Amino acid sequence: MTDQAVAAGGVRNFFGRQRELKALRADIERTGLDTLAGHKAPRARVLLIAGRPGSGRTRLAQELVAGFGTAYPDGVFRARLTDPGGEPVPTARVAQGLLQDLGVAEPPGAGEDELTELIREALAERRCVLVLDDCVDAEQVDPLIPDNPDALVVAVAKGPLTGIPDVRPCTLGGLDPKSAIEMLTSFTGSVRVTVDPQAAETLAEECGGQPAAVVLAGGWLGARPKASVADLAKRLRALTGDPLSRAFHLVHESLAGPAARILRYVTLAPLGRADAHTASALAGCSVSAASSTLADLAGLCLLAEVEDGQYEVPGHLVPLLRERMEERDRPAEVQLARARMLERTVRLLQSCRAVTEPEGSAARKKLAGLPRALRFPTVPAAAEWLDSRRPVLLASARLAVADGELDTLARRLVAAHVRAETAHRDAEAAAPVLYGLHRLVLDVAERRGLHRERAAALLNLADLDARTGRTQDALTRYRAALDAGRAANDPYAIGRAMESVGGSYQELGDWQRAGDWYGRALAQRLARDERADQARLYARLGTVHTYAGRYGEALRHWRAAAAGYRRLADLPGHARALSEAARVQEYAGRPEESLRTCEEAVEWARRAQDVRLQAALQLRLADTLDRLGDPAAAGLHRSAAERLLGSDTSACEIRSASAED
């Protein structure tokens, strides 16, 4: 059977390969080299199914795994290690897909080693099967093998995986004539084969017993009820080349021009996977016409329906189709098709985000003006589309950036994807995807010398680094963003980068440098009269001076922050800043002043009608009164806090500087 196309063509049965199946199942039970040497196997057993693309190697792996039943109760996980164009998929990207299937959160920006370690940890206690399809070499496979002898790895590759010990290889050749004829019969029905069994044998021989060629021949006959098996065998014999090339040539030449063009252009789609929208944009036809054409091509086993409405070109056909594209399609037409596809993706992403906006907003009005095929009826429908298409959308962004000639379109595509992700998912869930998208923006910005975009991408990446604890990496990127902001003469990027550098040093406990960078950022905000930013930076300076034990400087900055918030009419911010000033006074050994400042903070919180803040400050006041030896007054304030919020007030206590400051 072919790798994907047979299932697409409606053939559900498995033909032949019984000897190979039996050998593979026996290999699972066979004693390994470690066991023979008296050692417990340290890793999962690896079975190798080797053969040329189109030899049915993936289908054999599927049949093998399907026969396990309950032997591996923790499931089957699959990954493809080669993209449709034949390029190896980076191990980090393979690991990201597996982590999603395993339900393991991916740390944003994690490196290959960290991701593969997470894979091995997730599989360490599971009795499961890991199917690795289209492996290139042992270097791809080895990092993914679980350190668990109860797990099983089934690898599919062209040849041996030299370097992985105790691999159990099974090399595939052609199907035996009987199995090839049975496969052919599943397409044509029994009548055309039984009336001319000799022709059926000749056709199987012309196909070389290669499942992919037999499937193409069967699909061609299935679409032509009046054609004879002998006629097809004669046609194939008149062609030159290997069996698969001849069968493909015959089928491709029999297609109508528009259908053949859509088939060739589907290889331009990210991951070699296209739905009706993608095919419509590539070919420049209507969505309905593209949809029916895709279904027809799947009926001929030229495409495989991998998910509802999504079709994929079988890997063994991609090189043949790209050869035809080079022969028949001008480069300018191909580039235009790719641009149309990416533009359609941008519009779908914009629609996906716009549907989350309130009714009557500018985005919803713009959405109403789009063609029906580009609109999502509800927010859940848009979210479902985004979730199901995410791998393809990410591949689209990588494709646009890698092209090198579509950078403007690539930037629009990435920006639309970022907005759609943030509209439909919370920040934590979207972080791994956003990290990859910001990296792509950085690639384009560096290639084109776009300093403003480079600064923005570096800031976004650094924020994600900081959020996941990679503070040193974040610091490096914030400094690079500062340089880019200065090159772009972008005041926002400059100020944001300086403040973030200070935050990184604060996280590292370097109070001196943190205060220095906050001071630089404050000087810029003062020069530009950006009052909200000034108040926030005064608060940050107060925090680091407090940590450093410089209470005089800390008190001065907290009072400046309080004054700034008051001028902004931010009463809760004013109250919090006063509360922190009271804390500093207490640290400095001035409890009476601390008490008065804290009482003032409580009064401002009451004016702000912030019940939770008022309760928290009442508790702070009670603590101060306890330390001053007035438990009765402290009890009154605690009772007031309890009346404000009920008995569970511990979560509201202010015990450190506000995170917002």
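Predicted model: local features only at pLDDT ≥ 70, side-chain atom pairs only at ≥ 80, totals over all residues.

Visitor: Okay. Start with α8: what span should its twelve residues have, and how far apart are its end C-alpha atoms?

Guide: α8 covers residues 177-188, and at 1.5 Å a residue it should span 16 Å. Its end C-alpha atoms are 16 Å apart, so the two agree.

Visitor: Which residues of α8 are buried?

Guide: S179, A180, I181, M183, L184, F187 and T188.

Visitor: And what covers them?

Guide: The cover includes α9 (190-194), α10 (197-206) and α11 (211-222).

Visitor: What follows α8 in the chain?

Guide: G189, with a positive phi near 85 degrees.

Visitor: Back to α10. At what angle do the axes of α8 and α10 cross?

Guide: Roughly 105 degrees, and the axes come within 9 Å. That angle makes α8 roughly perpendicular to α10.

Visitor: Which residues meet there?

Guide: From α8 you have A180, I181 and L184, and from α10 there are A200, E201, L203 and A204. By class, this contact has six nonpolar residues, no polar ones and one charged.

Visitor: I notice A180, I181 and L184 are on your buried list too. Why would residues three or four places apart point the same way?

Guide: An α-helix has 3.6 residues a turn, so residues at that spacing end up pointing the same way.

Visitor: Fine. Now α11 and α12: how do they cross?

Guide: The axes of α11 and α12 (residues 229-237) come within 11 Å and cross at roughly 130 degrees. The two helices are therefore oblique to each other, and α11 passes α12 in a right-handed crossing.

Visitor: Who's touching whom?

Guide: On the α11 side it's A217, W220 and L221, which meet V229, D231, L232 and R235 in α12. Five residues of that contact are nonpolar, none are polar and two are charged.

Visitor: Let's jump to α2 and α4. What angle and axis distance do they have?

Guide: α2 (residues 18-29) and α4 (residues 57-66) pack at about 55 degrees, and their axes are 11 Å apart. That pair is therefore oblique, with a right-handed crossing.

Visitor: Which residues make that contact?

Guide: E20, L21, L24 and R25 of α2 meet L60, E63 and L64 of α4. The split by class is four nonpolar, no polar and three charged.

Visitor: Switching to single residues. Where is Q585, and what does it touch?

Guide: Q585 is in α29 (residues 571-587). Leaving out residues up to four places away in sequence, Q585 touches L555, R559, R590, E593, S594 and T597.

Visitor: Why does Q585 count as buried?

Guide: Its relative accessibility is 2%, and buried means under 20%.

Visitor: What about Q614, buried or exposed?

Guide: Buried, because Q614 has 13% relative accessibility. Q614 belongs to α31 (residues 611-627), and its contacts are V602, A605, R606 and L644, again not counting residues up to four places away in sequence.

Visitor: And V501, where does that lie?

Guide: In α25 (residues 491-507). V501 is buried, with a relative accessible area of 0%. Apart from neighbours within four places in sequence, V501 is in contact with L475, Y478, R479 and W517.

Visitor: How far is V501 from G573?

Guide: Their C-alpha atoms are separated by 23 Å, and the two residues are 72 residues apart along the chain.

Visitor: Is A569 buried or exposed?

Guide: Exposed, with 59% relative accessibility.

Note on methods: Residues numbered from 1 in each chain as written. Heavy atoms only, no water. Helix = DSSP H or I, 4+ residues; strand = E, 2+ residues; numbered from the N terminus. Expected span 1.5 Å × (residues − 1). Buried < 20%, exposed > 50% of the residue type's maximum accessible area, 1.4 Å probe, protein only. Contact = heavy atoms within 4.5 Å. Axes fitted to C-alpha atoms, helices over the stretch in contact; angles between N-to-C directions. Parallel < 35°, antiparallel > 145°, perpendicular 65-115°, else oblique. Left-handed = near helix turned anticlockwise from the far one by under 90°. Nonpolar A, V, L, I, M, F, W, Y, C, P; charged D, E, K, R; others polar.
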